[in-house]
Each structure stands twice: as structure tokens, then as C-alpha cells.
Amino acid sequence: MYRPSVFSVDELGILHAIIRERVFATFAVAHEGRVCLAYAPVVLKGEGKGTLHFHLARGNSFAEVVDNAPLTVSFMGPDAYVSPDWYETEGRAPTWNYIAVEGTGIARRLSREETLTNLVELSGQEEEKLLPKAPWKLDKMPNELIESLLDGIAGFSLPFASLEGKIKLSQDKSPGDIAGVIAALEARGDMASRAVAAAMRRRT
């Protein structure tokens, strides 16, 4: 992705935190002269840049071409339009503030047992976010239903060969301009605008 230095982020701790917060990923692979896309929640594991584990429906044509294929994966954080009227400085242009992480790697098909582990870990990480609700666990499903579920999906791992981020939150603007954008986004009140404003506050 295009990353001017003022917006570029390479610190793995920050990138991993964004992935763990925005677990629903967009995958892209080139196949027979076109770019194919797929969407799936992920579990981030491992050392260094990390490895994604995810699964797709076997009926998804993406699952047929992804094994041992070079993939690109994108995670979009919160985003919001920024009006020039919100700046203290006159004569600025409209823009968009957003957070994005992009990675690449070679996908590998998981075994049936590894795919089951992925299901357990994925539901576990998401159920934890629902506390104090008692976590739902896969063992609440009958074995025949679990086996049927595994028959219908294909699991994959994707060790990151590259991982980079872009956090574009008005860092190139003056403190007065930043304060104006934060105030206006908070006043809009929608979830995306509030999330961008909160991210801007964390970086000021």
C-alpha cells in the first residue's frame, strides 16, 4: 500500500493489536489472470511477524486455488471522512482518516485436526470478548454435527512474509487542526467516527 513516512507503521506489537481487534480479513489471490477475493475471521499465532489461521467453505472457489498460493491479506480498521471545515487552518482539502494493515505470505492447507483446533481457538477468542457471558464452547455441539462442519470447510495457515501498516490520523496537521477533527468526529456520534476520534486521541 502507499505509505508516506508520516503514516507508516512497522512495529509488530501495534500491527498485531490491530489484527486482533479487526479479526475479519480480506484475502486476495491472483488466479488465471484475475484477482479473487475471500473474507474470513482469523486467529493470529506464532512468533515474529506471526501466522494467520483461518477457514473457508469448501464450496468457495477461493479454497480450491489458495493452497500453496501467494496471498495478500488486508485488515481495515476504523475510517471516517474529514471535512476541511473542521480544520483551524484555512484552505485545506477534504480527506479520509483510516487505519489499515496489509500482509503477504504463502498459504498452506491445514489438516482436519488443525482445522478443528482453529475452530476451537477462533470461537474461544471471540467468546472471551463477550464476558461476563459464560463462554460457548465447541464441545456443546454433538460430535456428528462437528464432523459435518469439518466436512464442509477447509482450514489454512498463512505465515507472514511481510506485514506493514498505515495509520492516517491527521498526523501531518497542526495540533489545532487535529483538535478540530477530533471534536467534529465525536459530535457526529456514529460508531466509525467515534472510533477514529478515539484513535486520534490515543496518538496525541
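Buried means under 20% relative accessible area, exposed means over 50%, and partly exposed covers what falls in between, using a 1.4 Å probe and protein chains only. The structure shown is a predicted model, in which local features need pLDDT of at least 70 and side-chain atom pairs count only at pLDDT 80 or more, while totals for chains, interfaces and linings use all residues. Residues are numbered from 1 along each chain as its sequence is written, and side-chain values use heavy atoms, with hydrogens and water left out.

**Figure 1. The whole protein at a glance.**
Let's start with the overall picture. The protein has six helices and ten strands; helices (H or I, at least four residues) and strands (E, at least two) are DSSP runs, numbered from the N terminus. The C-alpha trace spans about 65 × 45 × 30 Å along its principal axes. Of the 204 residues, 40% are buried. Contact means heavy atoms within 4.5 Å. Among contacts between residues at least 6 apart in sequence, 72% join residues at least 24 apart.

Helix H3 covers residues 112-128, which is 17 residues. From first C-alpha to last, H3 reaches 24 Å, close to the 24 Å expected at 1.5 Å a residue; the expected span is 1.5 Å times one less than the number of residues. Which residues of H3 are buried? They are Thr115, Asn118, Leu119, Leu122, Ser123 and Glu127. Seen down the axis of H3, these buried residues fall within an arc of 150 degrees, so they line one face of the helix. The arc is that of the directions from the helix axis to the C-beta atoms. On the other side of H3, Glu113 and Glu128 are exposed.

**Figure 2. What the buried face of H3 packs against.**
The buried residues of H3 pack against strands S3 (34-41), S4 (43-45), S5 (51-57) and S9 (153-159), and also against helix H4 (143-151). Zoom in on asparagine 118, which sits in H3. Asparagine 118 is buried, with a relative accessible area of 1%. Which residues does asparagine 118 contact, leaving aside its neighbours within four places in sequence? They are Val43, His53, Phe54 and His55. From C-alpha to C-alpha, serine 123 and valine 43 are 9.6 Å apart in space, although 80 residues separate them in sequence.

**Figure 3. Helix H1 and its strand neighbours.**
Helix H1 runs over residues 12-21, and Leu15, His16, Ile18 and Ile19 are buried there. Seen down the axis of H1, the buried residues fall within an arc of 160 degrees, so they line one face of the helix. The buried residues of H1 pack against strands S1 (8-9), S4, S5, S6 (70-82), S7 (95-106) and S10 (162-168).

Leucine 185 belongs to helix H5, which spans residues 175-188. Is leucine 185 buried or exposed? At 0% relative accessibility, leucine 185 counts as buried. Not counting residues up to four places away in sequence, leucine 185 touches Ala80, Tyr81, Trp86, Ser193, Arg194, Val196, Ala197 and Met200. The C-alpha atoms of leucine 185 and valine 82 are separated by 8.2 Å, and these residues are 103 apart along the chain. Arginine 188 is also found in H5. At 47% relative accessibility, arginine 188 counts as partly exposed. Leaving aside neighbours within four places in sequence, arginine 188 is in contact with Tyr81, Trp86 and Ser193.

Now follow the backbone itself. The peptide bond from leucine 131 to proline 132 is cis, with omega near 15 degrees. Proline 132 lies in the loop between H3 and H4. Glutamate 32 has its place in the loop between strand S2 (24-31) and S3. Phi of glutamate 32 is near 50 degrees, a positive value in a residue other than glycine. At 73% relative accessibility, glutamate 32 counts as exposed. Serine 170 sits in the loop between S10 and H5. Serine 170 has a positive phi of about 70 degrees although it is not a glycine. With 2% relative accessibility, serine 170 counts as buried.
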